[in-house]
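These are my notebook entries on a structure that I opened for the first time today. I wrote down what I looked up, in the order in which I looked.

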Amino acid sequence: MVPEADETRVVLGFLLNFAKFTEWPQQSAAAPAEFRICVVGDDNAADAMRRLASGRTLQGAPVAVTKPKVHEELRHCRIVFFGSDLRRRTLPLTALRQSPVLTVSMVRAFAAQGGMIELFLHDTRMRFAVNRKALEAGGLRVSPELLELASPR
Amino acid sequence: MSARIPYLLAAVGTAAGLCLGQKPGDELDMSVKELMQIEVSSVARKQQTLARSAAAVYVITREEIRRSGYGTVPDVLRLAPGLHVAQVGGHTWAIAARGFNGTFANKMLVLVDGRSIYTPHFGGVYWELHDLMVEDIERIEVIRGPGATMWGANAVNGVINIITRSSRSTEGGLAVVAAGNAGEGSSALRFGGRLSENVWFRVYTKLSKHRSAVVGDGRDAGDAWRDGRGGLRFDWEPSSRNAVTIIADATRGQFRETAVLPLVQAPFSREVGSRYGTSAEDLLVRWRHTHRNGTETQVQFYFDSYDRPHPVFSERRHTVDAEFQSRSRLGGIHEITWGGGYRFSRDVAGAGHINVMPNILGLDLFTAFAQDEVQLADGMVLLAAGAKVQRSDFAAVAVQPSARILVEPFRRHVFWGAVSRAVRLPSRLDWDSSIWMTTVPGTPQTRGLPMRIVLAGSDRNVAQPMIAYEAGYRTQISGRAAIDVTAFRHHYQRLRSLELGEPALQMALPPYLTMPATFADGLHGSSWGAEVLAVVKLLPRWNLIATYTETRATYSLRPGIVSSALSGEPAFQPQHLGSLRSQFDLPRGIQFDATWYGTGAVKSPATLPGLIGYKYPVAWSRLDVRGMLPIRRDLKLSVRSGGILDPHREEFRPEIFMIPTEVRRTVDIALEWRF
């Protein structure tokens with residue numbers, strides 16, 4: 001039976017996969033204490049993801065899901081997921097443009113605005129579109145295997 | 001063009017974790033490919049999508065249908081606010097929104113999977129031919145008011161769109177057996193599976209035996225029925241951008257009916273018991289394609305055929321319909337939808353009491369539509385404008401424009417407004433019918449001669465335009481409550497009136513008079529009212545849904561019309577209509593649900609002639625309850641009762657040709673087995 005799943009779970013599933021297929025540029029020598037996923041603009045999703053992801057590790061570090069309130073903190077995240085509570089114009093994408101932060105969102109036309117990965121529903125199934133220029137600007141490399149599965153947008 | 005309703009109701013099951021058969025979060029361990037296969041459901045997303053509809057929409061979800069315990073479509077429709085659903089006898093229903101209800105209600109468009117099921121004979125629906133397996137209904141979209149541009153013909157007072165589940169979602173077997181206290185019962189069996197990587201199928205059969213209604217003193221009304229149906233469905237996705245759906249059904253029914261037909265001499269009417277068999281078949285093929293640039297196009301074709309030799313209005317009909325629609329996004333701001341279709345419908349009027357001449361007729365219907373929806377101010381404002389154009393054999397070109405606006409000034413507060421023009425195209429009843437309504441016993445004015453009243457259709461009945469003004473407000477309160485309010489005002493022109501003619505003497509033994517009355521278009525009418533819906537999650541395991549609708553209407557003669565102010569329209573509405581539903585989850589997956597539905601006294605501004613002595617239906621209400629007990633992971637037992645408070649109740653009085661009946665209380669047990 002084709003299972004039905006809650007959207008937040010599926011989004012988190014994608015984020016975990018994106019993390020596996022993305023290379024961040026080498027940062028400071030010290031090993032990162034945690035793999036930080038930040039969620040902005042959807043407190044319910046943030047809380048749910050925090051519960052679901054607890055105990056998992058990515059790239060050798062425990063996953064931490066945070067809800068930063070201040071845009072400056074976003075630069076310290078590995079992945080930022082922008083929730084649908086935000087209006088398009090208030091997305092702080094320009095500030096993050098050259099930072100090694102993987103920006104993901106389901107907001108409509110996110111990729112066109114400079115977001116790196118846009119998740120969207122096609123009928124009832126999740127698809128994703130990739131903005132390669134944005135990835136390059138941030139210094140992130142995504143494996144070709146993942147790019148093959150992306151949809152045009 | 002579909003919208004979803006606040007899914008607080010679905011949240012009860014999932015949040016409380018009481019839904020059986022759900023797997024724990026495998027999603028987090030899946031690969032991207034696997035994740036892309038899953039069907040995603042989201043409470044929040046559905047709330048948001050629905051809240052942004054500039055129309056009075058309610059979606060009856062699969063979960064609601066399950067929890068109601070109802071097994072037939074008319075019962076399920078009572079779950080939507082604003083729908084007046086009244087059972088008039090064992091197998092007839094009067095269902096309408098915003099007034100103009102009656103056994104010949106003609107202002108609603110009803111669709112099953114995109115296939116139109118109203119009859120061009122009089123514009124209503126033979127609900128008894130659509131005894132669907134409700135377990136396989138995905139959702140029912142109920143729109144009150146003129147359907148937005150894109151819906152087809154007859155969408156004047158509302159649209160009911162019944163959508164069945166994709167066979168992708170119904171793999172496995174399901175058997176449901178129900179048996180009731182008066183010998184009624186049903187059994188349904190469905191099996192679905194996956195034929196290959198991208199082909200799914202489902203096959204089903206359902207047999208039902210329905211009880212009759214009762215006459216006031218408890219006697220059987222002679223209108224029991226039974227039916228059987230079966231069908232199959234294929235869903236094929238040759239690629240990620242193409243989806244093909246094929247649906248086919250066939251149904252056979254055996255009906256008993258007690259008709260009341262007029263006589264020329266005392267006692268001037270008689271009850272005629274009859275039996276007849278019905279049959280219906282349908283086939284629908286649909287192809288949806290998504291282009292590289294995101295444009296979605298859909299092509300649909302269906303064939304529909306039925307034979308219903310009812311003693312009063314007998315009809316055999318074949319319909320062929322082909323439609324096309326396309327939706328594209330421009331610049332991230334515009335969403336343009338356009339399309340068109342052609343329908344050919346040929347009927348053979350049978351030997352019922354109501355005659356239509358010619359008794360074989362083929363009708364063409366051409367439809368074209370276009371709509372643009374624009375998002376402004378970063379999504380805060382939505383504007384939509386569009387028009388639908390139709391041409392049928394009965395009317396000149398009917399243009400039906402609509403303009404809508406939606407504003408979401410703060411999150412979770414939505415205001416919307418709409419102005420629409422809709423047109424009811426004439427039916428065979430309006431043009432071609434000849435109906436001997438009743439016989440009035442001799443009076444001094446008629447010199448003691450009885451007088452027949454015979455209605456006739458006329459080709460002067462043109463399309464009935466109407467304009468609807470609607471406005472609404474929706475809000476959600478911290479995810480625990482939602483409120484949806486709509487106010488409307490409808491203006492109708494050219495409503496069906498009657499022109500009374502001169503009585504003519506018929507030389508027969510014994511002699512009698514015949515007074516002709518012709519259907520004309522001499523009335524104006526207005527209706528107005530408000531619909532309120534409130535959903536509250538009182539406790540994590542307890543949901544309440546309350547609805548209230550107020551409807552009023554008036555008629556007047558069009559200026560300069562020589563006509564009587566008698567209405568030829570089905571024009572009944574209850575001024576007050578309300579419901580209260582409770583869904584309660586007990587431990588161990590036990591569910592207890594109750595639905596109370598009630599209406600105030602029914603009014604009609606004017607009535608058909610021959611309704612001499614017609615008593616308007618009084619206020620009534622019914623309480624339906626359902627308890628569900630999971631016996632095993634795959635086995636569920638339900639105990640249900642419809643109308644538990646009264647042994648029988650009158651929901652509506654038939655206007656003509658039927659004996660007044662009352663609907664029985666039902667008590668039954670159902671067992672559901674998934675394998």
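**Ground rules.** I noted that this is a predicted model, in which local features need pLDDT of at least 70 and side-chain atom pairs count only at pLDDT 80 or more, while totals for chains, interfaces and linings use all residues. I also noted that residues are numbered from 1 along each chain as its sequence is written, that chains are lettered from A and ligands numbered from 1 in the order in which they are written, and that side-chain values use heavy atoms, with hydrogens and water left out.

**Helix pair in chain A.** I looked up helix H1 (residues 7-21) and helix H2 (residues 43-53) of chain A, whose axes come within 10 Å and cross at roughly 60°. Helices (H or I, at least four residues) and strands (E, at least two) are DSSP runs, numbered from the N terminus, and axes are lines fitted to C-alpha atoms, for helices over the stretch in contact, with angles running from 0 to 180 degrees between N-to-C directions. That angle makes H1(A) oblique to H2(A), a word kept for what is left once angles under 35 degrees count as roughly parallel, over 145 as roughly antiparallel and 65 to 115 as roughly perpendicular.

For the contact (heavy atoms within 4.5 Å), I found A:Thr8, A:Arg9, A:Val11, A:Leu12 and A:Leu15 on H1(A), and A:Ala45, A:Ala48, A:Met49, A:Leu52 and A:Ala53 on H2(A). The residues of this contact divide into eight nonpolar, one polar and one charged, where Ala, Val, Leu, Ile, Met, Phe, Trp, Tyr, Cys and Pro count as nonpolar, Asp, Glu, Lys and Arg as charged, and the others, Gly among them, as polar.

**Cavities.** A cavity is a set of points, on a 1 Å grid over the protein atoms alone, where a 1.4 Å probe fits but cannot get out, and its lining residues have an atom within 4 Å of a point. I found that the structure holds twelve cavities of 30 Å³ or more, a volume being the space filled by probe spheres set on the points, which are joined across faces, edges and corners.

The largest cavity has about 460 Å³ of space and is lined by 36 residues, with B:Tyr118, B:Thr119, B:Pro120, B:Arg343 and B:Ser345 nearest its centre. E15(B) gives the most to this lining, with four residues, and by class the lining has 14 nonpolar, eleven polar and eleven charged residues.

The second largest cavity has about 350 Å³ of space, and of its 27 lining residues B:Thr92, B:Thr103, B:Phe104, B:Phe122 and B:Arg308 lie nearest its centre. E4(B) supplies the largest share of that lining, three residues, and the lining divides into 17 nonpolar, seven polar and three charged residues.

**Backbone details in chain B.** I found a cis peptide bond between B:Ala266 and B:Pro267, with omega about 0°, and B:Pro267 lies in the loop between E13 and E14 of chain B. Another cis peptide bond joins B:Leu509 and B:Pro510, with omega about -10°. Last, I looked at B:Phe100, in the loop between E4 and E5 of chain B, where phi is near 60°, a positive value in a residue other than glycine.

How values were computed. On a 1 Å grid over the protein atoms alone, a cavity is a set of points where a 1.4 Å probe fits but cannot get out, and a pocket is an open set with protein on both sides within 12 Å along at least five of seven lines; lining residues have an atom within 4 Å of a point.
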